[in-house]
Amino acid sequence: MKHIDSAKHTRGESIYLDDIPLLQGTLFAAAFGSPLAHGTIRRLDLSDAEQCPGVVRIFTFKDVRGENQIGGIIPDEPLFAENHVHFIGMPLALVVAESDAAARHAVGKIKADIDPWPVVTDPRVAQANGELIVPPRTFRLGDTEKAWSLCEHIVEGRTDTNGQEHLYIETQGAYAVPLEDQTIRVYSSTQAPTAVQRAVSKITGLAMNALDIEVTRLGGGFGGKEDQANVWAALVALACLHLKKPVKYALPRVDDMVMTGKRHPYSSDFKLGLDKDLRIVAYEVDFYQNAGAAADLSPAVLERTLFHSTNSYFIPNVRATAYSCRTHLPPNTAFRGFGGPQGMFVIEAAIAKAAETLNISAALIQKRNLQRTGDEFPYGQRAVSEAHACWQKAEDLYDADALRKQVDSFNMKNALFKKGLAFMPVCFGISFTKTLLNQARAQVHVYTDGSVSVSTGAVEMGQGVNTKMLQVAATTFSIDPALVKIQATSTWKIANTSPTAASATADLNGKAVLMACTEIVGRLKDVAAAELNTPPGNIELHNGMVYVDGSPTGMTWKQLVMAAYIRRVSLSEHAHYATPEIHFDAAREKGHPFSYHVYGTAIVIVTLDCLRGRYTIDAVKVVHDFGTSMNPQIDRGQIEGGIVQGIGWMTMEEVVYDESGRLRSNTLSTYKIPDIYSVPAEIAIDFLHTDRDNLAIFRSKAVGEPPLMYGIGAYFALRNAIHAFNAGAALPFDAPMTPEKALMALYQKQVKHVAG
Ligand code: MTE
Ligand code: LUZ
Ligand code: MOS
């Protein structure tokens, strides 16, 4: 089945926030953000701005009706700055005017007099100053101290991975509409309608039941709208409450880039020990996460870094410590992989360093240490591992030996172009690491014409979750998918939703849809049994028809539904699903936090132009563990998109803040993202088909985030290509590997040409 939005997208008919027809009297908002990254506000001068044509009113913290607080995990983030500012772009005031242009013009007339304080942008400096968002956390397995003496080879080093701009095509925004009796509907471009509802409730002082947060779809979220859609929704809702008029705010791209947080940059120190057989005996790592100025989701991201610190490997002795460091950047936030990629980069760097030191292929170390079923993760869970299956299949299917030979012979023959190859195994845990979030609800109505309406807490953001929900309903009822409509997500229809995140949306909401539909099917079978004078056990619904003992009866789905209605049998159901078996004890840092893990292996091949430092990614060849894919076409799209986004993070996307905390890469001319020309010439995706009872919907496996981490292989393949040209290059583990960095590395002083 195709993605149900694909035709609408292609024709430009899909409705995004900015496509909602405006109500008469709609006003437009624009925020004035702090011009300084750290300081005390002396004076905020709104007088010129208030005189600007079209300005209706300017709001500040004084206008907050409830509490001036939007922090989700920790209440450390005011919506409007009161006395202090902590990052450039932190909202100080909101102008509401008769047009978008008038609001933006007036913002330019606001003057803020701010006493500057020292600005910290480096997480290591923040940690040294004791500026931590939460106390550090440590995961332990075995005893690393004792283990070092068992090691034949020990390597140590430092890594740095930069941030990443989400660059969803649809920028952040919200549109608040006043309804009667002090209730408000907010159309929000959010992954988390309930989080928006809570934030709006806090700021406006209205109860949650007065707030309908509605989402039809997003033009991408990628984690950037898991927590950070709250600000814009709270701003317009507050203005709407005061003015009793509809208020809209859709951010211009530059404002979105400046005012919102990104993927967390990390700086890390590692120490890795191997025995003489290249078995990893011990691993120690310290992660310094650049959280930005407020907690946002950083503590949860930090946790996932620890959970994925050993990637696909079994390491018997591990000590992993993580610090969430407060700096004066916009609060960094969720981004596809949610701290996992940052953790995995470090273990891959440690293995690469060991391989470079021993002058062997990293793949030898990687393969020897892949985790097996029954192996223990540092957090206590035992693996049901497909790590070997994926790796072995990738080696066989893509003929890894031949690929290596091709790379070597190319490098022998060419002096000014070099190829590099790297393997990238991935193991990603599925479930929100916060156990309580692993719940979902669905509401299913069957109408008397046989059509079906499904509502869940899932938000469609391009990943195809609505198509999968539709498949679940159509399959369970065994009816034509054209009869099923997935409704816009709304907090008045489905309450207390978890964010559409953690790749688990189809699993959680799909299970709830399955439960609701199964319940209705049970009732319908009873009705059919009564109508047809046979025990319910003999009834089957198949392809829109009623069967008895395997034979068609002539009774259609629509007739059955009508019969149920006439017999006054409920044709609606609201179901609740909570993932079983998962638990985690944060005091011991042990438990079973994940419902299951997703595995895969990628082989990445690059060609580096050694005169210019430019490169192309020739091929990414993947064996990916899909379970039993519910929708191979959508899942393939998720893998391709994830790979390209991961390659972007690792090779070209460079978020640059200067020492004053100002974003220098604030437009698409200064922030380079992958485009169609940077997509690998070949992306091969093989479906490792597993059929275990894995708690996911219809024995599929979650697919949204894991493929991003295949992109890490591009970094290490480029490293290998550089070393093929300049074997002595001392390369820091410092991503992204931009063409500039590659060029500098190619011509480092101690150049030792490998003759072509
Ligand atoms: N795919 C598209 N097209 N757009 C997106 O915003 N977000 C990713 C991934 N794939 C995203 C996407 C992220 S960060 C997550 S967590 C998952 O989709 C969320 O959806 P799922 O839980 O349904 O996989
Ligand atoms: N969001 C979250 C996530 O709140 N918890 C998670 O564990 C998570 N994992 C991945 C992406 N978003
Ligand atoms: Mo995805 S980072 O869980 O939104």
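Helices (H or I, at least four residues) and strands (E, at least two) are DSSP runs, numbered from the N terminus. This is a predicted model, where local features need pLDDT of at least 70 and side-chain atom pairs count only at pLDDT 80 or more, while totals for chains, interfaces and linings use all residues. Residues are numbered from 1 along each chain as its sequence is written, chains are lettered from A and ligands numbered from 1 in the order in which they are written, and side-chain values use heavy atoms, with hydrogens and water left out.

**Exercise 1.** Check the span of helix H6 (residues 193–204).

Solution.
- The expected span is 1.5 Å times one less than the number of residues.
- H6 has twelve residues, so it should span 16 Å.
- Its end C-alpha atoms are 16 Å apart, which agrees.
- Just after H6, Gly205 has a positive phi of about 80°.

**Exercise 2.** Is H6 largely enclosed or open?

Solution.
- Buried means under 20% relative accessible area, exposed over 50%, partly exposed in between (1.4 Å probe, protein chains only).
- Ten of the twelve residues of H6 are buried, so the rest of the structure largely encloses this helix.
- Among them are Pro193, Val196 and Ile203.

**Exercise 3.** Classify the ring pair Phe139 and Phe584.

Solution.
- Rings of Phe, Tyr and Trp (its six-membered ring) pair if their centres lie within 6.5 Å; planes under 30 degrees apart are stacked, over 60 edge-to-face, the rest tilted.
- The centres of Phe139 and Phe584 are 6.2 Å apart and the planes lie at 40°, so the pair is tilted.
- Phe139 is in strand E7 and Phe584 in strand E25, 445 residues apart.
- Both Phe139 and Phe584 are buried.
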